[in-house]
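Biologist: I am new to this structure. Could you take me through what lies inside?

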Amino acid sequence: MTVHGEREKIPATSKAEAAKALKQFVAGYNKANTTLDPAVNATYETGALHDIDEAITKGGRQVSPNGNPDWDPLELKDARFAIPKQAGWPKFFVADTVSNRNNGHWLVAFTRNGPSEKWKAAYLLLLDKEEVPEFATDADGYAEPVPAKGSGLTVDPGQLAKTYAKYLKTGEGDFAPGPDTDGWREQRTAAANRPGQHTETVDEPYKAPAMALRTKDGGALAFFATYHFQHRTLPAGHTFSLKPALQAVRKGPLKKTNKMTFTTVSEQVVKVPAKDDGGSVVFLDRQGRTTEAKAG
(Lines give C-alpha, C1' and ligand atoms only; values in the text may rest on other atoms or scores of the structure.)
Protein backbone atom coordinates (compact mmCIF):
# COMPACT_ATOMS: atom_id res chain seq x y z
CA MET A 1 0.00 0.00 0.00
CA THR A 2 1.29 3.44 -0.92
CA VAL A 3 0.99 6.19 1.70
CA HIS A 4 0.75 9.70 0.27
CA GLY A 5 2.40 12.15 2.65
CA GLU A 6 0.59 15.05 1.04
CA ARG A 7 -2.80 13.62 2.10
CA GLU A 8 -2.27 11.18 4.97
CA LYS A 9 -1.16 12.20 8.45
CA ILE A 10 2.20 10.53 8.90
CA PRO A 11 5.12 11.14 11.29
CA ALA A 12 7.15 14.11 10.08
CA THR A 13 10.29 12.03 10.49
CA SER A 14 11.80 9.21 12.54
CA LYS A 15 13.81 9.70 15.72
CA ALA A 16 16.89 8.38 13.93
CA GLU A 17 16.48 10.91 11.12
CA ALA A 18 15.78 13.68 13.65
CA ALA A 19 18.98 12.81 15.51
CA LYS A 20 20.87 12.94 12.22
CA ALA A 21 19.42 16.38 11.44
CA LEU A 22 20.46 17.64 14.88
CA LYS A 23 23.99 16.29 14.37
CA GLN A 24 24.18 18.07 11.00
CA PHE A 25 22.99 21.28 12.64
CA VAL A 26 25.71 21.15 15.30
CA ALA A 27 28.38 20.43 12.68
CA GLY A 28 27.17 23.32 10.51
CA TYR A 29 26.90 25.68 13.47
CA ASN A 30 30.48 24.97 14.52
CA LYS A 31 31.80 25.26 10.98
CA ALA A 32 30.05 28.61 10.40
CA ASN A 33 31.39 30.04 13.65
CA THR A 34 34.90 28.74 12.98
CA THR A 35 35.26 29.80 9.34
CA LEU A 36 32.98 32.87 9.61
CA ASP A 37 31.84 32.06 6.08
CA PRO A 38 28.23 33.27 5.58
CA ALA A 39 27.70 30.71 2.82
CA VAL A 40 27.85 27.94 5.42
CA ASN A 41 24.74 29.18 7.25
CA ALA A 42 22.48 28.33 4.33
CA THR A 43 23.61 24.69 4.38
CA TYR A 44 21.94 23.94 7.72
CA GLU A 45 19.57 26.83 8.51
CA THR A 46 16.55 28.47 6.91
CA GLY A 47 14.07 31.25 7.59
CA ALA A 48 14.50 33.73 10.43
CA LEU A 49 17.26 31.71 12.11
CA HIS A 50 19.29 31.75 8.90
CA ASP A 51 18.84 35.50 8.50
CA ILE A 52 19.93 36.14 12.09
CA ASP A 53 22.93 33.81 12.10
CA GLU A 54 24.09 34.89 8.64
CA ALA A 55 24.20 38.48 9.90
CA ILE A 56 26.20 37.34 12.95
CA THR A 57 28.64 35.44 10.72
CA LYS A 58 29.05 38.46 8.41
CA GLY A 59 29.73 40.67 11.41
CA GLY A 60 32.32 38.24 12.72
CA ARG A 61 34.09 38.10 9.37
CA GLN A 62 34.18 41.90 9.25
CA VAL A 63 36.29 41.81 12.42
CA SER A 64 38.18 38.54 11.77
CA PRO A 65 38.51 37.96 7.99
CA ASN A 66 40.49 34.75 8.54
CA GLY A 67 37.90 33.11 10.75
CA ASN A 68 37.83 32.21 14.42
CA PRO A 69 40.14 29.25 15.12
CA ASP A 70 39.59 29.72 18.87
CA TRP A 71 35.87 28.91 18.60
CA ASP A 72 34.70 26.70 21.49
CA PRO A 73 32.69 23.95 19.77
CA LEU A 74 29.00 23.73 20.58
CA GLU A 75 27.73 20.44 21.98
CA LEU A 76 24.07 19.51 22.34
CA LYS A 77 23.22 16.49 24.46
CA ASP A 78 20.26 14.68 26.05
CA ALA A 79 18.11 15.40 23.01
CA ARG A 80 14.38 14.74 23.19
CA PHE A 81 12.40 14.96 19.97
CA ALA A 82 8.81 16.15 19.64
CA ILE A 83 7.75 14.73 16.28
CA PRO A 84 4.19 15.41 15.08
CA LYS A 85 2.08 13.50 12.59
CA GLN A 86 1.28 15.80 9.68
CA ALA A 87 -0.33 15.80 6.26
CA GLY A 88 1.16 17.86 3.46
CA TRP A 89 4.21 20.07 3.40
CA PRO A 90 6.12 21.68 4.97
CA LYS A 91 6.66 19.36 7.90
CA PHE A 92 8.52 20.12 11.12
CA PHE A 93 9.74 18.71 14.42
CA VAL A 94 11.32 20.15 17.56
CA ALA A 95 14.49 19.04 19.34
CA ASP A 96 14.79 19.86 23.05
CA THR A 97 18.50 19.68 23.90
CA VAL A 98 20.94 20.65 26.65
CA SER A 99 23.82 22.91 25.65
CA ASN A 100 27.40 22.82 26.90
CA ARG A 101 27.29 26.63 26.97
CA ASN A 102 25.38 26.99 30.25
CA ASN A 103 23.44 23.72 30.61
CA GLY A 104 20.41 25.65 29.36
CA HIS A 105 17.88 24.08 27.01
CA TRP A 106 18.27 24.87 23.33
CA LEU A 107 15.02 24.27 21.44
CA VAL A 108 15.67 23.80 17.74
CA ALA A 109 12.73 23.61 15.32
CA PHE A 110 13.53 21.89 12.03
CA THR A 111 11.57 22.03 8.79
CA ARG A 112 11.65 20.88 5.18
CA ASN A 113 9.35 21.38 2.20
CA GLY A 114 9.51 17.93 0.63
CA PRO A 115 10.94 14.40 0.99
CA SER A 116 13.94 15.19 -1.22
CA GLU A 117 14.96 18.24 0.82
CA LYS A 118 17.39 18.38 3.70
CA TRP A 119 16.09 19.13 7.19
CA LYS A 120 17.17 22.63 8.22
CA ALA A 121 16.84 24.53 11.48
CA ALA A 122 14.26 27.33 11.25
CA TYR A 123 14.13 28.45 14.89
CA LEU A 124 16.57 28.28 17.79
CA LEU A 125 15.46 29.60 21.18
CA LEU A 126 16.94 29.24 24.67
CA LEU A 127 14.88 28.20 27.70
CA ASP A 128 15.49 27.35 31.30
CA LYS A 129 14.71 23.76 32.27
CA GLU A 130 11.52 24.72 34.12
CA GLU A 131 10.24 26.65 31.08
CA VAL A 132 10.20 23.63 28.77
CA PRO A 133 6.59 22.40 28.66
CA GLU A 134 5.31 18.86 28.44
CA PHE A 135 3.98 18.20 24.97
CA ALA A 136 0.72 16.39 24.35
CA THR A 137 1.31 13.04 22.64
CA ASP A 138 -0.80 10.28 21.15
CA ALA A 139 -0.69 6.61 22.03
CA ASP A 140 2.36 6.15 19.81
CA GLY A 141 4.26 9.03 21.39
CA TYR A 142 3.86 11.49 18.53
CA ALA A 143 3.34 15.17 19.26
CA GLU A 144 0.22 17.08 18.18
CA PRO A 145 0.74 19.93 15.71
CA VAL A 146 -1.49 22.97 16.13
CA PRO A 147 -3.19 24.30 12.97
CA ALA A 148 -2.49 27.86 11.82
CA LYS A 149 -6.15 28.76 12.38
CA GLY A 150 -9.06 27.21 14.27
CA SER A 151 -6.61 26.12 16.96
CA GLY A 152 -8.76 26.75 20.03
CA LEU A 153 -5.99 28.93 21.46
CA THR A 154 -6.12 32.51 22.70
CA VAL A 155 -4.26 33.46 19.50
CA ASP A 156 -4.03 31.17 16.48
CA PRO A 157 -0.41 30.36 15.55
CA GLY A 158 -0.97 31.82 12.10
CA GLN A 159 -1.92 35.16 13.67
CA LEU A 160 0.84 35.43 16.29
CA ALA A 161 3.25 37.50 14.19
CA LYS A 162 0.53 39.88 13.01
CA THR A 163 -0.93 40.19 16.51
CA TYR A 164 2.50 40.85 18.04
CA ALA A 165 3.33 43.48 15.41
CA LYS A 166 0.05 45.26 16.17
CA TYR A 167 0.69 45.03 19.91
CA LEU A 168 4.11 46.64 19.59
CA LYS A 169 2.53 49.58 17.77
CA THR A 170 -0.67 50.06 19.77
CA GLY A 171 -0.33 48.13 23.02
CA GLU A 172 -3.50 46.21 22.11
CA GLY A 173 -3.29 42.46 22.50
CA ASP A 174 -3.27 39.85 25.23
CA PHE A 175 0.45 39.51 25.95
CA ALA A 176 1.80 38.99 29.45
CA PRO A 177 4.07 41.72 30.85
CA GLY A 178 7.78 41.21 30.30
CA PRO A 179 10.92 42.48 28.58
CA ASP A 180 9.68 41.45 25.13
CA THR A 181 6.22 43.02 25.47
CA ASP A 182 5.45 46.08 27.58
CA GLY A 183 9.12 46.40 28.52
CA TRP A 184 10.18 46.62 24.87
CA ARG A 185 7.41 49.10 24.09
CA GLU A 186 8.65 51.35 26.90
CA GLN A 187 12.22 51.18 25.61
CA ARG A 188 11.13 52.04 22.10
CA THR A 189 9.03 54.97 23.28
CA ALA A 190 12.01 56.32 25.22
CA ALA A 191 14.31 55.90 22.20
CA ALA A 192 11.91 57.39 19.65
CA ASN A 193 12.97 60.97 20.26
CA ARG A 194 16.32 60.83 21.95
CA PRO A 195 18.25 64.10 21.75
CA GLY A 196 19.98 64.15 18.39
CA GLN A 197 18.07 61.25 16.79
CA HIS A 198 14.48 60.52 15.77
CA THR A 199 13.44 56.87 15.39
CA GLU A 200 10.29 55.50 13.79
CA THR A 201 9.67 51.74 13.97
CA VAL A 202 7.44 49.61 11.74
CA ASP A 203 6.75 45.98 12.66
CA GLU A 204 5.58 43.29 10.23
CA PRO A 205 5.11 39.49 10.21
CA TYR A 206 8.03 37.47 8.88
CA LYS A 207 7.50 35.61 5.61
CA ALA A 208 7.79 32.04 7.05
CA PRO A 209 4.93 30.28 8.89
CA ALA A 210 4.76 29.74 12.63
CA MET A 211 5.24 26.29 14.12
CA ALA A 212 3.27 25.13 17.16
CA LEU A 213 2.85 21.98 19.23
CA ARG A 214 0.04 21.26 21.68
CA THR A 215 1.04 21.03 25.34
CA LYS A 216 -0.50 18.73 27.93
CA ASP A 217 -2.40 21.60 29.55
CA GLY A 218 -4.31 22.24 26.31
CA GLY A 219 -2.25 25.26 25.30
CA ALA A 220 0.66 25.29 22.89
CA LEU A 221 4.32 26.14 22.48
CA ALA A 222 4.67 28.27 19.36
CA PHE A 223 7.59 29.58 17.31
CA PHE A 224 7.13 32.62 15.07
CA ALA A 225 9.15 35.48 13.60
CA THR A 226 8.78 39.17 12.81
CA TYR A 227 10.46 42.04 10.96
CA HIS A 228 11.22 45.33 12.69
CA PHE A 229 12.16 48.28 10.49
CA GLN A 230 13.76 51.25 12.22
CA HIS A 231 13.92 54.53 10.31
CA ARG A 232 16.47 56.75 12.05
CA THR A 233 17.09 60.43 11.30
CA LEU A 234 19.92 62.60 12.60
CA PRO A 235 19.85 66.41 12.59
CA ALA A 236 20.86 68.11 9.35
CA GLY A 237 24.62 68.21 8.94
CA HIS A 238 25.19 64.97 10.89
CA THR A 239 25.95 61.59 9.33
CA PHE A 240 25.85 57.96 10.49
CA SER A 241 29.05 56.09 11.32
CA LEU A 242 28.40 52.35 11.25
CA LYS A 243 30.09 49.86 13.56
CA PRO A 244 31.65 46.73 11.94
CA ALA A 245 28.59 44.54 12.58
CA LEU A 246 26.39 47.01 10.69
CA GLN A 247 28.97 47.61 7.98
CA ALA A 248 28.77 43.87 7.32
CA VAL A 249 25.05 44.02 6.53
CA ARG A 250 25.05 47.37 4.75
CA LYS A 251 23.11 47.41 1.47
CA GLY A 252 23.95 49.82 -1.31
CA PRO A 253 26.86 52.24 -1.64
CA LEU A 254 28.42 53.79 1.44
CA LYS A 255 27.61 57.46 1.46
CA LYS A 256 27.26 60.23 3.98
CA THR A 257 23.65 60.43 5.09
CA ASN A 258 21.62 61.52 8.08
CA LYS A 259 18.89 58.96 7.35
CA MET A 260 19.20 55.18 7.70
CA THR A 261 16.82 52.22 7.73
CA PHE A 262 17.78 49.21 9.83
CA THR A 263 15.99 45.87 9.40
CA THR A 264 15.91 43.50 12.35
CA VAL A 265 14.68 39.91 12.14
CA SER A 266 13.34 38.54 15.42
CA GLU A 267 12.41 34.96 16.32
CA GLN A 268 10.23 34.15 19.30
CA VAL A 269 8.97 31.18 21.28
CA VAL A 270 5.84 31.69 23.35
CA LYS A 271 3.41 29.75 25.52
CA VAL A 272 -0.13 30.25 24.22
CA PRO A 273 -3.03 29.26 26.51
CA ALA A 274 -6.20 27.54 25.40
CA LYS A 275 -8.98 30.02 24.63
CA ASP A 276 -11.29 28.46 27.25
CA ASP A 277 -8.61 28.82 29.94
CA GLY A 278 -8.13 32.54 29.44
CA GLY A 279 -4.75 33.99 30.26
CA SER A 280 -2.16 35.75 28.14
CA VAL A 281 0.53 34.79 25.65
CA VAL A 282 3.80 34.44 27.58
CA PHE A 283 7.16 35.07 25.93
CA LEU A 284 9.78 32.47 26.86
CA ASP A 285 12.58 33.79 24.64
CA ARG A 286 13.24 36.20 21.79
CA GLN A 287 16.37 36.43 19.67
CA GLY A 288 16.98 39.11 17.07
CA ARG A 289 19.66 40.69 14.91
CA THR A 290 19.97 43.61 12.53
CA THR A 291 20.16 41.94 9.13
CA GLU A 292 20.25 44.98 6.84
CA ALA A 293 21.29 48.63 7.01
CA LYS A 294 20.77 51.02 4.15
CA ALA A 295 20.70 54.75 3.54
CA GLY A 296 17.34 56.45 3.41
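This is a predicted model: local features need pLDDT of at least 70, side-chain atom pairs count only at pLDDT 80 or more; totals for chains, interfaces and linings use all residues.

Biologist: Which residues have the most contacts inside the largest nonpolar core?

Modeller: Val-94, Tyr-123 and Phe-223, in a core of 25 residues. Elements giving two or more residues to this core include α3 (47-63), β4 (91-99) and β6 (120-127). The largest share, 5 residues, comes from β9. Apart from this core lies another, of 23 residues, with Leu-22 and Trp-119 among them.

Biologist: Why are Gly-183, Trp-184, Arg-188 and Ala-192 of α5 called buried?

Modeller: Buried means under 20% relative accessible area. These residues of α5 (182-192) are listed as buried, so each falls under that cut-off. Their cover includes α4 (160-170), β7 (198-205), β9 (220-233) and β12.

Biologist: How many cavities of 30 Å³ or more are there?

Modeller: The structure holds 1.

Biologist: Why is it called a cavity?

Modeller: Because a 1.4 Å probe fits there but cannot get out.

Biologist: What lines the largest cavity?

Modeller: The lining includes Phe-240, Arg-250, Lys-251 and Met-260. It divides into 7 nonpolar, 1 polar and 4 charged residues. β12 (282-295) gives the most, with 3 residues.

How values were computed:
Residues are numbered from 1 along each chain as its sequence is written. Side-chain values use heavy atoms; hydrogens and water are left out. On a 1 Å grid over the protein atoms alone, a cavity is a set of points where a 1.4 Å probe fits but cannot get out, and a pocket is an open set with protein on both sides within 12 Å along at least five of seven lines; lining residues have an atom within 4 Å of a point. Grid points are joined across faces, edges and corners, and a volume is the space filled by probe spheres set on the points. Helices (H or I, at least four residues) and strands (E, at least two) are DSSP runs, numbered from the N terminus. Ala, Val, Leu, Ile, Met, Phe, Trp, Tyr, Cys and Pro count as nonpolar, Asp, Glu, Lys and Arg as charged, and the others, Gly among them, as polar. Buried means under 20% relative accessible area, exposed over 50%, partly exposed in between (1.4 Å probe, protein chains only). Contact means heavy atoms within 4.5 Å. A nonpolar core is a set of buried Ala, Val, Leu, Ile, Met, Phe, Trp, Tyr and Cys residues joined through side-chain atoms within 4.5 Å.
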